[in-house]
Amino acid sequence: MENKDNIGNDTLQDPEKNEFSHVEGIWASVRAFVSELLDIRHDTDREATLEAIKKDISFKGHNAWILIFSIFVASIGLNVSSTAVVIGAMLISPLMGPIVGVGLSVAINDVETLKKSFINLGVMVFLSVLTAYIYFLISPITEETPELIARTYPTILDVLVAIFGGLALIVAKTKKGTIASVIFGVAIATALMPPLCTVGYGLAIGNLAYAGGAIYLFSINAVFIALTTFVVSKLLDFPLVKYVNSKSRKRTAQIASTIAIIVMIPSIILFVNLLQKQFFETSAKEFLTEVVRYTGTQKIKTAQDYNKKEIEVYLIGAAVPEETIQTWKEQLKDIKVLNETTLIVHQGSGANGDMALLSTQVRTGILEDLYVKNQEVIENKDSKISLLENELLKYRQGDFSFKEISDEVKVNYSNISNLSFANTISTNFSKIDTIPTFNITWKQNINSKTKNSEAEKIQKWLTLRLKLDTLAVKSLN
């Protein structure tokens, strides 16, 4: 009995042990659930994936024509700044093959597939740029659109789209069974099609800066898509290509590894630089909003230059004391991301903040900003004025077209030389009434009987034609 009692007492005296065991069991269940939820190894078809990727590398026949047509559609969408049209082009684009082939071939040490991928990648770029160049060369619309300008230089968002698009692509590719190929097209085309079209646009208008920036954006996106393919292929343990002798396999592995390192290092450096630039711009905007403030002064223009590490602000209104500006500069140094940045303040001298003291370029920029901000308001007012004028015209004309009525009178009544219309306001001193009145001037030598007869006919016709209860027709001669 003592032993049983002791056992029971030990259990009661150690509740923390029971609670720990319970928590550990819950944590094990959660880990098992998450592992099952996110694990893709058991559902990966490596052989089918290798076969499908190698099949999609080549750009011949149908793939070449589909690429050309999709580039035309995307170019039109960028030309008219239509996101919907660009997305439509992405749905039919076959851009994924060579780039995924590069990433996979490096991962599995397949030199032959790597060579084939690079050759077809060059064909793809050439066809795409040539197609876009031809379109923009013959297109009557040559204005720069926001969709085109956005693809002239890479940003951190472009890199993120390429990374996650590439991950979605290769994960979908490796799944057993079939996933709609549209998923692959959109994942790749999102990052690749618009830059290639913009290269063609830059060449067509002779702007090499646009063309160079767009091809740079395309290259960066292609690198990160290939890189994500490489990483996922390694994580899923895709089998390495076997060679006849170990020396050849070792040399091939070294070449593939060297290529991977050459691609990865610049890509990582670029990603870090773009991330730092994004942090700089975000911190600069917050600094200008929260710190650079002074009663009676308004910011009319701001600019941030990451490369020069400068923040410029143009002020108008009350002159800001030098002590305040110095305080702003000290606060700027306290921000880690901006501690090496120079703050440049431009302002008009005197309390009136004379804009004439600012440069012509700045004044032009100010006027452009004001124009953009007020353009929508002006357009709305113009629309309202036009609507009110139309309504007033309808009221004055009795809601009918006087020209149509006059043309019909001219055809049917040849004795009339002039026709006029007005709303006659009359009163019997108990109420006021408005009567639509047509005034007729007759040709010479028309007798009174004919005038009265035709005037009566015209009154009946107009009453029926205009669907009016009251209408007057008067002869002026």
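**Note on salt bridges and the nonpolar core**

1. At 37% relative accessibility, Asp407 falls in the partly exposed class. The model in which this residue sits is a predicted one. Asp407 forms a salt bridge with Lys403, and their closest N and O atoms are 3.2 Å apart. Lys403 is exposed, its relative accessible area being 59%. Both residues belong to helix α15 (residues 402-412), where they are four residues apart and so separated by about one helical turn.

2. How many salt bridges does a search of the whole structure find? The search finds five. Side chains of opposite charge can pair when their charged atoms come close. The remaining points on charged residues take up the others by location.

3. Helix α16 (residues 448-466) holds Lys460 and Glu456, which are four residues apart and therefore separated by about one helical turn. These two form a salt bridge, with 3.7 Å between the closest N and O atoms. Lys460 is exposed, with a relative accessible area of 57%, whereas Glu456 counts as partly exposed at 47% relative accessibility.

4. Lys54 and Asp110 also form a salt bridge, the closest N and O atoms being 3.5 Å apart. This pair links distant parts of the chain: Lys54 is in helix α3 (residues 46-57), while Asp110 is in the loop between α6 (96-107) and α7 (111-138), and the two are 56 residues apart.

5. A network of salt bridges links Glu404, Glu408 and Arg465.

6. On the nonpolar side, the largest nonpolar core has 49 residues. The residues with the most contacts inside this core are Ile99 and Met124. Several helices each supply at least two of its residues: α4 (62-79), α5 (83-91), α6, α7, α9 (156-174), α10 (181-205), α11 (208-235) and α12 (246-290). Which helix gives the largest share of this core? That helix is α11, with 11 residues. In soluble globular proteins, nonpolar side chains tend to be buried together.

7. Met124 deserves a separate entry. Leaving aside its neighbours within four places in sequence, Met124 is in contact with Phe59, Leu67, Leu95, Ile99 and Phe218. One of these partners, Ile99, is named with Met124 as having the most contacts inside the largest nonpolar core.

Notes:
Residues are numbered from 1 along each chain as its sequence is written. This is a predicted model: local features need pLDDT of at least 70, side-chain atom pairs count only at pLDDT 80 or more; totals for chains, interfaces and linings use all residues. Side-chain values use heavy atoms; hydrogens and water are left out. A salt bridge is a side-chain nitrogen of Lys or Arg within 4 Å of a carboxyl oxygen of Asp or Glu. Buried means under 20% relative accessible area, exposed over 50%, partly exposed in between (1.4 Å probe, protein chains only). A nonpolar core is a set of buried Ala, Val, Leu, Ile, Met, Phe, Trp, Tyr and Cys residues joined through side-chain atoms within 4.5 Å. Contact means heavy atoms within 4.5 Å.
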